[in-house]
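Keep the structure open and follow each pair of helices in turn.

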Amino acid sequence: MNVHAAALAKAHRFDEQTLAFAGDVIEDLSQHPKRLSPKYFYDATGSELFEQITLLPEYYPTRTELAKLRDRDGEISAILTKGSALGEFGAGATTKVRLLLNECAFGAYVPVDISGDFLKAQAEALRKDFPALDVYPVTADFTAPFALPDAFSAMPKVGFFPGSTLGNFEPHEACGFLRSARDILGQGAQMVIGVDLEKNERVLYNAYNDADGVTARFNLNVLHRINRELGGNFDLSAFTHRAIYNRERHRIEMHLISRKTQTVRVLGRSFSFRAGETIHTENSYKYSLERFAALARGSGWTPRESWTDPAAMFSVHALVASD
């Protein structure tokens, strides 16, 4: 956060999380081109909208990954150390982690997410369904270093990072995240991670431009959040969602496009938009198996096993922390 942004945010007596949100928004909207971090999609409304996205017929990643976790749950369980503490980075709905919890003998579950209210509700539901499992939610930005609960310090650790969230990071950021996860989980840790694969561009386009417009509402919700939490005055009808595939960079790009020339105010700052100007809100990188294996090795992890569906749409990987 730059100094000026921090001063503006502190003047409004925000809590720590809103302070970080405010500073990032001011800094990112001051850039050329403008951008917003995708981690701020996930307030309670954004989390609910994303769960709707996962059920859309166009959105293949969730159902494909779920099928692979179901089909290979025995193989995954055989690889993972019994009695481990399972730490899920960016925990959302519990559909995927329940497949692991049903099959694997974990000693504890530590879901980590920036959306505290949504996280607590999901954790409470898990406690009811798995009464013998210790569940300790941690509200934190999982892209930055954080501490696991002390109670699990002596337990072996397994990281879980499904949903191809890794693709939202720039490659150097993905490397940084994997290194950070290795440091948090510690020596001898294991990781189960989902990675979206390169595929037909029309399939990719449809997945991020669904006919029902749920992804558009998800993208626009970040502006609504700025209005609600930071006193912004974005007119959501003056922006439109656009997702395109950047072939050279192997990524889907999501943008919010200004429909007209306009000025928006946030925390006393004015931000001018030209008609057609974009706010770049998210990237979703797609990997080949070989490129992901190289990324993992360069980030302190040794690939142990990988599984893909027959159409090679999505992959699940088991990694072990390198010595």
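Axes here are lines fitted to C-alpha atoms, for helices over the stretch in contact, and angles run from 0 to 180 degrees between N-to-C directions. Helices (H or I, at least four residues) and strands (E, at least two) are DSSP runs, numbered from the N terminus. The model is predicted: local features need pLDDT of at least 70, side-chain atom pairs count only at pLDDT 80 or more, and totals for chains, interfaces and linings use all residues. Residues are numbered from 1 along each chain as its sequence is written, and side-chain values use heavy atoms, with hydrogens and water left out.

Start with helix H3 (residues 44–53) and helix H10 (residues 214–230). Their axes lie 9 Å apart and pack at an angle of about 160°. That makes H3 roughly antiparallel to H10. The cut-offs are simple: angles under 35 degrees count as roughly parallel, over 145 as roughly antiparallel, 65 to 115 as roughly perpendicular and the rest as oblique. The crossing of H3 with H10 is left-handed, meaning that the near helix is turned anticlockwise from the far one by less than a right angle; clockwise would be right-handed. H3 contributes Thr45, Gly46, Leu49, Phe50, Gln52 and Ile53 to the contact, and H10 contributes Val214, Thr215, Arg217, Phe218 and Asn221. Contact means heavy atoms within 4.5 Å. By class, these residues divide into five nonpolar, five polar and one charged. Ala, Val, Leu, Ile, Met, Phe, Trp, Tyr, Cys and Pro count as nonpolar, Asp, Glu, Lys and Arg as charged, and the others, Gly among them, as polar.

H10 also meets H2. These two pack at an angle of about 120°, with axes 11 Å apart. H2 and H10 are therefore oblique to each other. Their crossing is left-handed. Thr18, Phe21, Ala22 and Val25 of H2 face Arg225, Ile226, Glu229 and Leu230 of H10. This contact holds five nonpolar, one polar and two charged residues.

Stay with H2 (residues 16–29), where Asp28 lies. Is Asp28 buried or exposed? Asp28 is buried, at a relative accessible area of 11%. Buried means under 20% relative accessible area, exposed over 50%, and partly exposed in between (1.4 Å probe, protein chains only). Beyond its neighbours within four places in sequence, Asp28 contacts Lys34, Arg35, Leu36 and Ser37.

Next, find Tyr40 in the loop between strand S1 (34–35) and H3. Tyr40 counts as buried, with 5% relative accessibility. Leaving out residues up to four places away in sequence, Tyr40 touches Ala20, Phe21, Asp24, Ile114, Val222 and Arg225. Thr281 is 241 residues from Tyr40 along the chain, yet their C-alpha atoms are separated by 9.5 Å.

Now move to helix H6 (residues 95–103) and helix H7 (residues 116–129). Their axes come within 12 Å and cross at roughly 25°. H6 and H7 are therefore roughly parallel to each other. Val97, Arg98 and Leu101 of H6 meet Ala125, Leu126 and Asp129 of H7. Four of these residues are nonpolar, none polar and two charged.

Finish at helix H11 (residues 289–297), where Phe292, Ala293, Leu295 and Ala296 are buried. Seen down the axis of H11, they fall within an arc of 160°, so they line one face of the helix. The arc is that of the directions from the helix axis to the C-beta atoms. Glu290 and Arg297, on the other side of H11, are exposed. The buried residues of H11 pack against helix H8 (171–185) and strands S7 (190–196), S13 (301–308) and S14 (314–321).
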